[in-house]
Amino acid sequence: MDRGFRGIAWASAAFILVLVVYIIFEIGGKALPAMSQYGLGFLTSTTWNVQTEQFGILPQIWGTLYSSLLALILGGVFGIAIAIFLTQDFLHSGLAAVFRTIIEMLAAIPSVVFGLWGIYVLIPLLRPVADWLHGSLGFVPFFGTSLSGPGLAPAALVLAIMILPTVASISVDSLRQIPYKVKEAAYGMGTTRWEAILKVMLPTASSGILAALVLGFGRALGETMALAMLIGNANQISLSLFAPANTLAALLASSFPEAGPVEVRALMYAALALLAITLIVNAVGLAVMKFATRKFEAER
Amino acid sequence: MNAHSEMKVAAEVAAPASLGIVMNCQLEKVFYGDFLAVRNSVVPIEKNKITGFIGPSGCGKSTVLRSLNRMNDLIPIFRFEGKVTYHGQDIYDKKVDPVVVRRYIGMVFQQPNPFAMSIYDNVAFGLRLNGFKGDMDERVEKALHGAAIWNEVKDKLKNSGLSLSGGQQQRLCIARAIATEPDVLLMDEPCSALDPIATRRVEELMIELKEKYTIALVTHNMQQAMRVADTTAFFGVDISQGSRTGYLVEMGPTKKIFEEPEQQLTREYVRGEFS
Ligand SMILES: Nc1ncnc2c1ncn2[C@@H]1O[C@H](COP(=O)(O)OP(=O)(O)OP(=O)(O)O)[C@@H](O)[C@H]1O
Ligand SMILES: [Mg+2]
């Protein structure tokens, strides 16, 4: 029984590895012509012009990282706060379970629905706030433009909501795994509730919470549909939260359907770049986690 | 805030003349929900002595011990009726903040429970919590010496506290508890997870510690009570009401409790005639 299960687990792991390698290989192969044609300049150029066959994805790389980072900050803070709220006796345990289910249900909402919600609800709601911020604090680069519809802010907000279930539920699990005796130890030392949470519980759960953040960030980097609808698809690099931007995934989604053979090759290169970013982020995340684990936990 | 200074004043004013009783637990009724767990027990804790709590399982030893620093407040259904005076101040008074109580009355638990931090940070935890500004290294070293574990860990203070053996972890927890120099140390079966050698070390340590601290010790092990406790409190279980309610049967010098107790129940228990 146990051995059978172990066999299945190994087989699945091996299958996933093979799949990842295969995907990299396949996309890499299709991207090869564009790679040799445009070289590394592809990553630093800012034009995407099918007529002149000039392709570059710096604005998309910027938009991908910027929107995901904003989403990570927002979704991370709220996700961890929710996890604390759900695990540290702020709620009756039955109620906490209900809340948790509701948050996990967010993950089941199709991203096109998030996109529609963003267009019809969030953007109209954001506009007065954005106008006010731009009007009174326009000298701050983050508020440097006004919001004329789709843009970075609505995209990042929706992304944050989309990664919330991931961050919150993994953080909940890692906080819940802490044995009761650790909490007793904290209170026994004379901590207040918040001191126990901030100085003992969160550090103890840090590797799990870090994993939650890495996964959330990975999810944000690759999110496609909602972003294609909300980010504005503009090839520009701006710090302003209200400016339209673009991401790699959104570029792929919106350009593929009508792309001719030349553009498809460039898009394959862009896809490879997105894949590379995601893999690097995950690898860095894993390394950080390993380091944190070594620091805080027993090496057993 | 206010409660803090009151506790402090109480501790300092009483300190010189406090030969004698540091804490006095005058427990009337303790409930978990509707369940009456312990009733009518007066347990004075004497300064610089080890007071042992013995009795059959479920008689409320841990409950009484944890009432002494309000650890039981963590359990929502717990309810305490009575008084626990600490240098004359009732720690169950509404004005008193349990957080402050626990900084004066430290605790060592049955299961070693170091934090998932370095050995150093474990010991420094309470000092940092209290905003200690002095020489941290010195205090950490002193506490580790005090807990008789310095020689084993002095070269690996940066390693995780969880990387130590069970016995070392327990001594680390003792170091963590004494680093802030609390007044009273509560120990709930601190040796039950340890092997005989580690147990001996912790027992020797307790005897050293009582020079500076006042200790209340729950133990299941009669030999341990005889070896280390100056005073012993024997708790029994009253099943006459159809429920199981613990109460203090008898308390006195350890020798007397074990050799010539006044109560028949105590005699039977210490002779091992029932458990
Ligand atoms: N958290 C709790 N909720 C409900 N009842 C509890 C709780 N903790 C203890 N009790 C009950 O209170 C009574 C006394 O328990 P306590 O743990 O104080 O006994 P003890 O003498 O320490 O026993 P042991 O020697 O087994 O540790 C027991 O009947 C126990 O079932
Ligand atoms: Mg007990």
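Hi everyone, let me start with a count: between chain A and chain B there are 2 salt bridges, where a salt bridge is a side-chain nitrogen of Lys or Arg within 4 Å of a carboxyl oxygen of Asp or Glu. In one salt bridge, the side chain of E184(A) meets that of R66(B), at 2.9 Å from N to O.

A quick word on the ground rules. This is a predicted model, where local features need pLDDT of at least 70 and side-chain atom pairs count only at pLDDT 80 or more, while totals for chains, interfaces and linings use all residues. Residues are numbered from 1 along each chain as its sequence is written, chains are lettered from A and ligands numbered from 1 in the order in which they are written, and side-chain values use heavy atoms, with hydrogens and water left out.

Now, the interface. How many residues of each chain are in contact? For chain A it is 20 residues, against 25 residues of chain B, with contact meaning heavy atoms within 4.5 Å. Together the chains bury about 2000 Å², and 63% of that is on carbon and sulfur atoms; buried area is the accessible area (1.4 Å probe) that two parts lose on being put together, summed over both. K181(A), E184(A) and M189(A) supply 28% of the area that chain A buries against chain B, more than any other three residues.

There are also 5 residue pairs in polar contact across this interface, both residues at pLDDT 80 or more. A polar contact is a pair of N or O atoms within 3.5 Å; within protein, one must be able to donate a hydrogen and the other to accept it, and residues adjacent in sequence count only if both atoms are side-chain atoms.

Which elements of chain A give two or more residues to this side? They are α7 (180-188) and α8 (193-204), and α7(A) gives the most, with 8 residues. Helices here are DSSP runs (H or I, at least four residues).

Let's move to ligand 1. It is surrounded by 13 residues, and the closest are S57(B), K61(B), S62(B), T63(B) and H220(B); a residue counts if one of its heavy atoms lies within 4 Å. An oxygen atom of ligand 1 is 2.9 Å from a polar backbone atom of G58(B). For H220(B), a side-chain N or O atom is 3.3 Å from an oxygen atom of ligand 1. Finally, α2(B) gives the most to the shell around ligand 1, with 3 residues.
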